[in-house]
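Then turn to the aromatic rings.

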Amino acid sequence: MKTVIFIPARYASTRYPGKPLVELRQKDGSAKSLIHMSWEAASAIEGVDAVYVATDDARIAEHARSFGADVVMTSEDCENGTARCADALAQMDTAPDLVINFQGDAPLTPPWFVEGLMAAMATDPTVAMATPVLRCDQQTYDNFIEDRKNDRVGGTTAVFDRHMNALYFSKEVIPYIAPGTLPQPIPVFHHVGVYAYRPDALKSYVKTPASSLEQLEGLEQLRFLSAGIGVRCVEVDARGRVFWELNNPGDVARIEAALESQ
């Protein structure tokens with residue numbers, strides 16, 4: 001399948017303005033921007049035909065071109081990353097078979113997370129879109145609980161049926177587990193904010209009104225579920241690596257610590 005990756009990036013983030021250009025300390029002591037790191041992570045994925053930074057901001061576009069990225073300029077009206085990917089797709093001369101939305105705030109995403117999505121989509125042509133889920137280890141679960149106790153919006157969790165079809169995604173920690181009763185392995189799955197779409201699913205997204213759940217949670221994937229479009233969850237293995245997105249300024253230290261340890 002011809003596969004294209006779009007890395008949606010906007011400057012005017014509500015929680016963290018200018019986030020794509022934030023610099024993070026690397027293991028060797030140098031600094032590199034978040035969008036640069038995300039582009040490098042996306043470029044390491046095998047079986048991909050092209051990688052583009054999709055943005056409406058000239059500062060991000062100029063910076064991305066400076067390290068060699070291809071850029072697609074998108075509308076300022078794109079409400080989220082999925083809409084930005086749909087806008088970028090509409091500008092392609094030839095539509096790919098598969099579109100990957102690789103989050104610009106997740107530079108710790110290993111290539112095999114996305115390769116697993118691509119394999120799942122190739123195996124089952126009925127799947128309209130897919131996204132990875134990662135079983136929480138103790139550190140990640142503790143990060144979720146700490147963020148919620150401090151009224152911070154951290155990562156997203158997912159629940160799914162026995163066929164791995166998503167039931168719900170939330171910025172709350174679901175399922176609820178009473179204090180002192182945490183089972184092992186931990187039955188909470190961290191949703192990795194990467195999506196693989198068939199072009200028709202992506203096109204239908206922008207034609208469908210936002211759902212109330214999407215607006216309440218601020219999670220674009222809930223529009224697909226509300227519209228009756230299934231989302232296949234693909235469980236992935238971190239293989240000992242730490243995964244976390246840069247959601248808040250406090251996450252910089254978490255990601256830099258992960259870079260130092262791996």
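What follows is a short walk through a predicted model.

Begin with strand 6, residues 98-102. Five of its five residues are buried, so strand 6 is largely enclosed by the rest of the structure. In a regular strand, side chains alternate between the two faces of the sheet. Both faces of strand 6 are covered. Leu98, Ile100 and Phe102 are buried on one side. Val99 and Asn101 are buried on the other.

Now look at the partners of strand 6. Strand 1, residues 3-9, pairs with strand 6 in the parallel sense. Four bridges connect strand 1 and strand 6. Within this pairing, Ile5 stands opposite Ile100. Strand 11, residues 194-197, is also joined to strand 6 by four bridges, but strand 11 and strand 6 run antiparallel. Here Val99 has Tyr197 as its bridge partner.

Next, the aromatic rings. A search of the whole structure finds seven aromatic pairs. A pair of rings is described by the distance of the centres and the angle of the planes. Take Phe6 and Tyr52. Their ring centres are 5.8 Å apart and their planes lie at 40 degrees, so the pair is tilted. A stacked pair would need planes under 30 degrees apart, and an edge-to-face pair over 60. The pair also links distant parts of the chain. Phe6 belongs to strand 1, while Tyr52 belongs to strand 4, residues 50-55. The two residues are 46 residues apart. Phe6 has a relative accessible area of 0%, so Phe6 is buried.

How are the rings of Tyr195 and Tyr197 arranged? Their centres are 5.9 Å apart and their planes lie at 20 degrees, so this pair is stacked. Tyr195 has a relative accessible area of 3%, so Tyr195 is buried. Tyr197 is at 0% relative accessibility and therefore counts as buried. Recall that Tyr197 is the bridge partner of Val99.

Finally, consider the charges placed over rings. Which residue lies over the face of Tyr11? Arg59 does, at 3.6 Å from the ring centre. Trp112 has a counterpart: Arg239 lies over the face of Trp112, at 4.2 Å from the ring centre.

Return to strand 6 with these details in view. Strand 6 pairs in the parallel sense with strand 1, and Phe6 of strand 1 forms the tilted pair with Tyr52. Strand 6 is joined antiparallel to strand 11, where Tyr197 is the bridge partner of Val99.

Key
Residues are numbered from 1 along each chain as its sequence is written. This is a predicted model: local features need pLDDT of at least 70, side-chain atom pairs count only at pLDDT 80 or more; totals for chains, interfaces and linings use all residues. Side-chain values use heavy atoms; hydrogens and water are left out. Buried means under 20% relative accessible area, exposed over 50%, partly exposed in between (1.4 Å probe, protein chains only). Two strands pair if DSSP finds at least two bridges between them. Rings of Phe, Tyr and Trp (its six-membered ring) pair if their centres lie within 6.5 Å; planes under 30 degrees apart count as stacked, over 60 as edge-to-face and the rest as tilted. A charge sits over a ring if NZ of Lys or CZ of Arg is within 6 Å of the ring centre and within 35 degrees of the ring normal.
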